[in-house]
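Please read the report below alongside the sequence and the model.

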Amino acid sequence: RKEYVDLYVNYTFNKSVQKPFGDFMRGFLRGCPARNWKMFLPEELQVLLQGHTIFDWHLLEKNVIYSGYQKFDQTIRNFWNVFHKLPEEKKKIFLAFLTGSDRITGYGPERFRFCIAEYNSQGENPDELSPFVSTCQHILFLPR
């Protein structure tokens, strides 16, 4: 039985995927030569490809740019007060809403910036408006 299980596992995880994986590897290395990847440690490569998964949310707040708002406006204070009370998973959902990803890619959290812009629609009740975003530009449009 042990020999059968060993052979079955070897077939499932190695031999059955050998050709598709070889094709994938050749294509991948054609677009991303191995010499470029070898300069990274495995942990660095993982962050480069997947992004940062641990965040300093207060650093995120510190790096925000405001348009139409000031840092100490009541709307902004309310926003950050509610945001910091959210559980970690909800904060990541907000990040995905803002950027399209629940991770921060690129140079890292200390360089990540987004903008909170005032959304003011003439004649509409601001209590009936919802925040919306421009994910490409990392702008959160927030009604007063």
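The sections below cover the basis of the model, the domains, the sheet and an annotated residue.

## Basis

This is a predicted model, in which local features need pLDDT of at least 70 and side-chain atom pairs count only at pLDDT 80 or more, while totals for chains, interfaces and linings use all residues. Residues are numbered from 1 along each chain as its sequence is written, and side-chain values use heavy atoms, with hydrogens and water left out.

## Domains

The protein is divided into domain 1 (1-50) and domain 2 (57-143); such bounds come from an automatic or database domain assignment. Taken over C-alpha atoms, the centres of domain 1 and domain 2 are 39 Å apart.

## Sheet

Four strands make up an open, mixed sheet in the order S1-S2-S4-S3. Strand S1 (65-67) and S3 are at the edges with a single partner strand each, so one side of each has no neighbour in the sheet. Direction ignored, neighbouring strands of this sheet are turned by 25 degrees against each other on average. Strands are DSSP runs (E, at least two residues), as are helices (H or I, at least four), numbered from the N terminus; two strands pair if DSSP finds at least two bridges between them.

Strand S2 (residues 115-119) runs parallel to S4, joined by five bridges, and Tyr119 is opposite Pro143 in S4. S3 and S4 are antiparallel and pair over three bridges, with Ser134 opposite Ile139 in S4.

## Cover over S4

Four of the five residues of S4 are buried, where buried means under 20% relative accessible area, exposed over 50% and partly exposed in between (1.4 Å probe, protein chains only). Helix H6 (residues 74-85) lies across S1, S2 and S4 and runs at about 115 degrees to S4. Axes are lines fitted to C-alpha atoms, for helices over the stretch in contact (heavy atoms within 4.5 Å), and angles run from 0 to 180 degrees between N-to-C directions.

## Hairpin and annotated residue

The hairpin of S3 and S4 has four residues between the strands, and His138 there takes a positive phi near 55 degrees. Cys136 is placed in the loop between strand S3 (132-134) and strand S4 (139-143).

UniProt lists Cys136 for "active site" in an unreviewed entry; its positions follow the numbering used here, feature names are shortened, and annotations may be inferred rather than shown by experiment. Is Cys136 buried or exposed? Cys136 is exposed, with a relative accessible area of 74%.
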